[in-house]
Amino acid sequence: MKLRTSPVFVEGPMPLIAPAVMFLSLFFLVPLGYVVWMSLSQPVIGLQNFGRLLNSSLFASVLYSTFKTALLVTLLSLLFAYPLAYAAANGSKRFATFLLTVVALSFWTSYLVRTYAWMVILGNQGPVTALLSWLGWDPAPKILFTTFSATLAMTHALIPFMTMSLFAVMKRIDPLYVRAAENLGAHPLRAFVSVYLPLSAPGIVNGCTLVFITCLGFYVMPVLLGSPRDQMIAGIIGDQIEQTLDFGLGSAISIVLLALTLAVYAVYNRFFGLDRLWAGGDR
Amino acid sequence: MNARSLTLSNITKTYDGRHMAADDVSLDIKAGEFVSFLGPSGSGKTTTLMMIAGFQHPTSGEIRLGERAIDNLPPHKRNIGMVFQNYALFPHMTVADNVGFPLRMRGVAKQDKERRSREALAKVGLQGFEKRVPSELSGGQQQRVALARALVFEPDIILLDEPLGALDKALREHMQVELKRIHKDLGVTMVYVTHDQSEAMTMSDRIAVFNQGRIEQVGTPNEIYRAPKTRFVACFIGDSNLIEGSALGGGRFDTPVGIVEARSSQTDRNRRADLLLRPEMIRIAETSQGGRQPLKIDSTINYGDNLLVIGKLGSQAIRMRVPGADARRLEGVSECHVTWRAEDVHVIA
Amino acid sequence: MNVWIRSLAILIAAFVAAPMFIVIPMSFSSAASLAFPPPGYTLQNYVNFFSDPNWTQPLTNSLLIGLGTVCMTMLVAVPASFALVRHVFIGRTVFNLLIMLPMIVPTIVMAIGYYIYFGQLRLVQSYLGVILAHSCIALPMSTLILTAALKGFDRSVERAAMNLGASPFTTFRLITFPILRPAFTVAGLFAFIASFDEAVIGLFISGRDKATLPRQMFNAVRQEADPTISAASSFLFLLVLAGVCIWLAPQLVRRRTRLLGQTDGNGAAQPAAATS
Ligand SMILES: Nc1ncnc2c1ncn2[C@@H]1O[C@H](COP(=O)(O)OP(=O)(O)OP(=O)(O)O)[C@@H](O)[C@H]1O
Ligand SMILES: [Mg+2]
């Protein structure tokens with residue numbers, strides 16, 4: 001009798017669970033395990049790969065610049081996305097549809113297409129260079145393949161993410177709250193800061209977490225648009241696979257990246273609960 | 001239509017191993033009978049219905065439909081019609097396809113299927129709605145489609161789980177009449193779940209009163225109302241005064257309101273019993289009856305056609321319903337004498 | 001709303017949308033370089049994109065891999081989401097986390113894992129390898145979509161079907177699946193796009209033979225030699241543009257009919273009222 005009271009594992013859901021468990025074990029957990037194993041065993045068993053990273057000032061600067069860029073991109077995209085999401089959540093239906101369409105357009109366009117677009121725009125034969133030299137900045141500075149171009153492109157790429165996270169929360173904020181605050185004598189700006197901003201905070205937290213994490217592991221844009229001397233962490237992992245073929249070191253760097261990512265998730269989970277992150281603020 | 005009897009023998013059901021959702025439920029439903037399950041929320045009505053339909057398995061006990069034990073039949077082989085509380089119409093199918101669905105499952109030929117669907121829709125007064133989808137129907141119309149769908153394949157028995165719960169009062173009363181008419185026309189066995197006591201009283205041949213997974217009493221509406229077997233039934237159905245007393249023998253009881261006579265064969269002296277006195281059985285009297293004190297009136301509520309008087313008879317709180325014609329006699333009065341007949345006092349053992 | 005906020009929102013929207021549109025004029029450029037505005041116009045880039053095996057092969061590969069990923073993902077995600085929504089079992093939370101894990105682990109980390117693991121299984125440069133990897137990537141999102149839809153699914157219609165004589169399988173085929181079809185479609189579409197747009201894993205494990213379109217584009221951007229990339233970009237962008245417009249169209253039409261309904265009294269309510 002006691003046994004039957006606890007949920008039954010064997011009968012019902014087993015055939016439903018089995019495919020996912022088998023599939024993910026074989027094609028996700030095992031390759032992930034390989035990364036861990038390689039980091040500890042290539043070329044010889046031990047922690048020497050991590051030792052190398054610890055002693056490398058180059059790796060320290062890569063970590064630093066990765067964090068700096070990720071933080072900057074997060075803040076910038078929040079700055080751009082907040083008014084966009086606010087207008088979409090509080091504007092007329094038509095205006096909201098227009099803004100959301102623009103966001104969707106950007107969201108669904110491949111990173112590579114956007115990367116290519118930025119190469120044209122920022123390239124030395126592109127419109128921005130032309131504009132600068134027309135304004136008398138001659139010779140125009142090199143924009144492409146700098147940290148600036150990578151940051152700009154990543155910000156542009158992640159604004160849609162941020163907007164959607166914010167919008168999901170903002171569209172559920174009852175405008176009555178703000179009106180009530182104004183009615184009680186608060187200046188509109190004051191009402192916004194003391195009422196709307198705190199209410200939209202879950203969206204800010206969600207959006208920033210998602211964007212920051214995405215940025216930490218971003219490969220395509222930093223590699224193609226960034227400065228080769230100022231790489232981000234994903235870029236140097238790629239280098240280990242493609243150029244130096246040092247899988248031990250590459251795996252060790254991957255483990256560091258994974259640990260950083262998991263740490264951010266863990267902090268989020270500690271305070272808010274992971275299941276909220278992907279559900280757009282609600283459960 | 002082929003009506004069948006339904007027998008539940010000692011059914012128990014527990015979802016979690018501790019709490020009993022159905023506790024030793026036994027019930028005999030005769031072929032063609034209309035039986036209501038009445039009880040408060042969470043008392044196990046739906047659970048019992050689900051076990052009859054085959055969506056839940058009894059932890060123990062046996063269910064027989066006609067001569068056949070159906071415990072091991074999966075739901076789709078039981079040939080039981082069911083109307084769900086939210087109707088459960090298939091949103092992606094037209095009314096005709098919804099009603100035709102059970103016939104399609106039984107391999108009925110197309111023309112036959114269409115004819116029978118049309119007839120079933122006619123029975124519930126819904127001709128000409130075949131091409132609509134459920135979202136284009138009103139609540140009452142959806143309810144009829146659900147009913148037609150449960151009738152069309154001539155099931156051995158029809159189960160209805162609070163089918164009128166979502167309708168407004170006027171429509172509900174209209175549908176009650178319709179349902180009774182269909183029951184009479186078809187002579188099919190119906191089990192009807194409700195927590196509306198007046199609905200159960202007006203529609204049923206018999207009522208089974210549920211409480212905490214048990215059947216407290218089964219009987220005709222009259223039996224349930226006049227002679228409830230337990231305090232719970234007495235309180236749950238209708239308005240009541242329950243007076244505690246101890247037996248003096250010869251149908252006389254010593255109570256807080258004095259010596260009360262009751263219709264009772266019970267003679268054991270000193271046994272404690274609850275006496276049920278319905279508020280509408282109490283009447284205003286000109287003089288004190290058998291030396292009884294007058295009723296002190298605390299408050300009155302005017303329902304128009306009757307007046308509810310709330311007061312005290314000695315230390316006993318008493319509710320009394322006075323018909324509109326007599327209500328005038330209580331204007332500006334703070335107490336009055338009351339009387340009742342001995343055969344209106346029911347003893348709950 | 002405040003006119004300043006409106007203007008600001010429009011400016012930002014312009015910043016979000018405008019850069020991508022530059023790929024359209026570029027795709028007609030006659031120059032091999034990235035010069036903008038283009039010195040002359042030609043259709044050559046499109047001709048190349050649709051005829052040069054260096055581009056047609058990756059496009060075909062990506063389409064095939066995308067379809068494979070949809071099948072593989074749905075095969076795993078559908079049962080998993082039913083288990084998650086409809087069953088309580090030991091280790092449910094762990095199971096849920098396991099399914100979400102591919103969304104948590106950075107793709108570049110998985111890329112190195114697959115590179116080594118599939119190397120040993122001889123799955124590098126094979127359709128199957130890329131499909132398996134992409135299915136892992138697509139699984140979390142597809143499962144999220146399916147579980148959300150399943151949570152809102154009223155199970156009493158399934159019970160009704162069984163009660164009316166449908167076997168469990170028939171119930172799934174005639175009731176559950178048709179009602180949930182939109183969610184299945186969206187989940188499948190997500191899986192396809194996740195695969196079709198995935199660049200990092202494709203870059204490292206698809207190899208020369210089974211190169212995906214993103215891999216080919218990545219290399220073209222990096223080498224700055226092949227102007228066909230402009231046509232590829234423009235093609236993909238126009239596809240998204242069309243998709244977004246198609247998604248938008250029903251909303252516009254709906255609004256349009258609502259407006260009509262307002263102007264001629266009860267126009268919108270007419271069809272329903274006429275037959276009753
Ligand atoms: N699927 C289930 N899992 C666990 N417990 C359940 C389940 N369904 C019902 N119960 C429990 O069983 C008891 C009886 O529930 P049931 O639904 O039969 O009540 P009911 O009489 O139909 O009530 P209502 O009038 O509210 O519909 C309740 O305590 C309920 O919480
Ligand atoms: Mg119920």
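The model is predicted: local features need pLDDT of at least 70, side-chain atom pairs count only at pLDDT 80 or more, and totals for chains, interfaces and linings use all residues. Residues are numbered from 1 along each chain as its sequence is written, chains are lettered from A and ligands numbered from 1 in the order in which they are written, and side-chain values use heavy atoms, with hydrogens and water left out.

Start where chain C meets chain A. Here 84 residues of chain C are in contact with 79 residues of chain A (contact means heavy atoms within 4.5 Å). The two chains bury about 7700 Å² between them. Buried area is the accessible area, taken with a 1.4 Å probe, that two parts lose on being put together, summed over both. Carbon and sulfur atoms account for 85% of the area between chain C and chain A.

Charge pairing across this interface comes down to one salt bridge. The rule asks for a side-chain nitrogen of Lys or Arg within 4 Å of a carboxyl oxygen of Asp or Glu. Side chains of opposite charge can pair when their charged atoms come close. The partners are C:Arg222 and A:Glu242, with the closest N and O atoms 3.5 Å apart. Over all chains the structure holds 23 salt bridges. In this one, C:Arg222 sits in helix 11 (residues 213-223) of chain C, and A:Glu242 sits in helix 12 (residues 233-244) of chain A. Helices (H or I, at least four residues) and strands (E, at least two) are DSSP runs, numbered from the N terminus.

Helix 1 (residues 3-21) of chain C gives the largest share of the side of chain C that touches chain A, with 13 residues. That side of chain C divides into 71 nonpolar, eight polar and five charged residues. In this scheme Ala, Val, Leu, Ile, Met, Phe, Trp, Tyr, Cys and Pro count as nonpolar, Asp, Glu, Lys and Arg as charged, and the others, Gly among them, as polar.

The structure holds 37 aromatic pairs over all chains. Rings of Phe, Tyr and Trp (its six-membered ring) pair if their centres lie within 6.5 Å; planes under 30 degrees apart count as stacked, over 60 as edge-to-face and the rest as tilted. The ring centres of A:Tyr34 and C:Tyr117 are 5.3 Å apart and the planes stand at 45 degrees, so this pair is tilted. A:Tyr34 lies in helix 2 (residues 14-41) of chain A and C:Tyr117 in helix 6 (residues 107-121) of chain C, so the pair joins two chains.

Now turn to chain B. Here 21 residues of chain C are in contact with 25 residues of chain B. The area buried is about 1900 Å², and carbon and sulfur atoms give 66% of it. On the chain C side, C:Arg159, C:Asn163 and C:Leu164 lose the most area to chain B, together 37% of what that side buries. The salt bridge count between chain C and chain B is zero. Seven residue pairs are in polar contact between them, both residues at pLDDT 80 or more. Helix 8 (156-163), helix 9 (168-196) and helix 13 (270-275) of chain C each give two or more residues to the side that touches chain B. Helix 8 of chain C gives the most, with seven residues. The side of chain C that touches chain B divides into 12 nonpolar, seven polar and two charged residues.

Chain B also has strands to follow. Four of them form an open, antiparallel sheet in the order 2-1-4-5. Two strands pair if DSSP finds at least two bridges between them. Strand 2 (20-29) and strand 5 (68-69) of chain B are at the edges, each with a single partner strand, so one side of each has no neighbour in the sheet. Strand 1 (residues 6-14) and strand 4 (residues 60-65) of chain B run antiparallel, joined by five bridges. B:Thr7 has B:Arg64 in strand 4 as its bridge partner. B:Asn10 is found in strand 1 of chain B. Phi of B:Asn10 is near 50 degrees, a positive value in a residue other than glycine.

Further along chain B, strand 12 (residues 252-255) and strand 13 (residues 258-261) pair in the antiparallel sense over four bridges. A hairpin joins strand 12 to strand 13 through two residues. B:Thr255 stands opposite B:Gly258 in strand 13.

Cis peptide bonds close the tour. One joins A:Gln42 and A:Pro43, with omega about -5 degrees. A:Pro43 lies in the loop between helix 2 and helix 3 (48-55) of chain A. Another joins C:Phe36 and C:Pro37, with omega about -5 degrees. C:Pro37 is in the loop between helix 2 (23-27) and helix 3 (44-51) of chain C.

Key. Polar contact = N/O pair within 3.5 Å; in protein donor to acceptor, adjacent residues only side chain to side chain.
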